[in-house]
Amino acid sequence: MSELPPDPPRLRAILAHLDHQLAETETIGTYLRLQRAAVQAALASAEAPAARRPGRLPKGGAQVRSMGMAQANPRPQFIVQQRRTPRGPEPSIIHIADCSMIDGIPHTISEHDARVSLTDPTIEPCAFCRPDTELGIDVA
């Protein structure tokens, strides 16, 4: 991503343009929302104090690791399924990666991206594997 201008009026104009683009196209909107969430997460990480950033060494020189989390990743992966029809795109569906109801080409997404996606009204959780329940989200 190129460098952003420092002044608020131009930043607001860019944000308004992005919001307009999000509203205009739902498929591109989903992608832009995921990218926006990734940028916000990167910004939060970049603004975090250096001692709390993962992979950094504290003053003592030893790297701090959580017990039991060094090798294994117990959290499930998530898949987004996009459906296209002759009438246009249908709502995308989020699945847990091992769901047997996935149709088409699976696109793996992170837990964070799945959580963000499930807050979008144009994206549905799979009724079979219930990723919203796995993530502790109440989708109405």
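Analyst: Let's begin with a word you'll need throughout: a residue is buried under 20% relative accessible area, exposed over 50%, and partly exposed in between (1.4 Å probe, protein chains only). This is a predicted model, where local features need pLDDT of at least 70 and side-chain atom pairs count only at pLDDT 80 or more, while totals for chains, interfaces and linings use all residues. Numbering starts from 1 along each chain as its sequence is written, and side-chain values use heavy atoms, with hydrogens and water left out.

First, the setting. The protein has 4 helices and 4 strands, these being DSSP runs numbered from the N terminus (helices are H or I with at least four residues, strands are E with at least two). Reading along the sequence gives α-α-β-β-β-α-β-α. Of the 140 residues, 22% are buried. The protein exposes about 10,400 Å², with 56% supplied by carbon and sulfur atoms; such areas come from the Shrake-Rupley method with a 1.4 Å probe, and for residues only the protein chains shown count as cover.

Now for the charges. Side chains of opposite charge can pair when their charged atoms come close. The rule here asks for a side-chain nitrogen of Lys or Arg within 4 Å of a carboxyl oxygen of Asp or Glu, and it gives 3 salt bridges.

Arg-10 pairs with Asp-7, their closest N and O atoms being 2.8 Å apart. Arg-10 counts as partly exposed because its relative accessibility is 48%, and Asp-7 is partly exposed as well, at 24%.

Move on to Glu-111, whose partner is Arg-115, with 3.0 Å between the closest N and O atoms. The two sit 4 residues apart in helix 3, so about one helical turn separates them. Glu-111 has 23% relative accessibility, which means partly exposed, and Arg-115 is partly exposed too, with 32%.

Then there's Arg-130, in the loop between strand 4 and helix 4 (131-134). Arg-130 makes a salt bridge with Asp-132, and here the closest N and O atoms are 2.6 Å apart. At 33% relative accessibility, Arg-130 is partly exposed, whereas Asp-132, at 2%, is buried. The backbone of Arg-130 deserves a look as well: phi is near 50 degrees, a positive value in a residue other than glycine.

Thr-119 belongs to the loop between helix 3 (111-117) and strand 4 (123-125). Its relative accessibility of 58% is why Thr-119 counts as exposed. The side chain of Thr-119 reaches the backbone oxygen of Val-116 at 2.5 Å. That is a polar contact, meaning N or O atoms within 3.5 Å; within protein, one must be able to donate a hydrogen and the other to accept it, and residues adjacent in sequence count only if both atoms are side-chain atoms.

What about the cysteines? With a disulfide taken as two cysteine sulfur atoms within 2.5 Å, the count is 0. Cys-99 has its nearest cysteine sulfur, that of Cys-129, 3.7 Å away. For Cys-126, the closest cysteine sulfur is again in Cys-129, at 3.8 Å, which is too far for a bond. Cys-99 is buried at 10% relative accessibility, and Cys-126 is buried at 5%.

Cys-126 and Cys-129 also turn up beside His-95, among its contacts (heavy atoms within 4.5 Å) beyond four places in sequence. Others there include Phe-78, Met-101 and Pro-131. His-95 lies in strand 2 (residues 88-96) and is buried, at 1% relative accessibility.

For contrast with the charged pairs, here's a nonpolar patch on the surface: Leu-4, Leu-11, Ile-14 and Leu-18, with about 290 Å² of accessible area together. Patch residues have over 30% relative accessible area and no salt bridge; like charges are joined within 9 Å, and nonpolar side chains (Val, Leu, Ile, Met, Phe, Trp, Tyr) within 5 Å. Leu-4 sits in the segment before helix 1 (8-24) and is partly exposed, at 46%.
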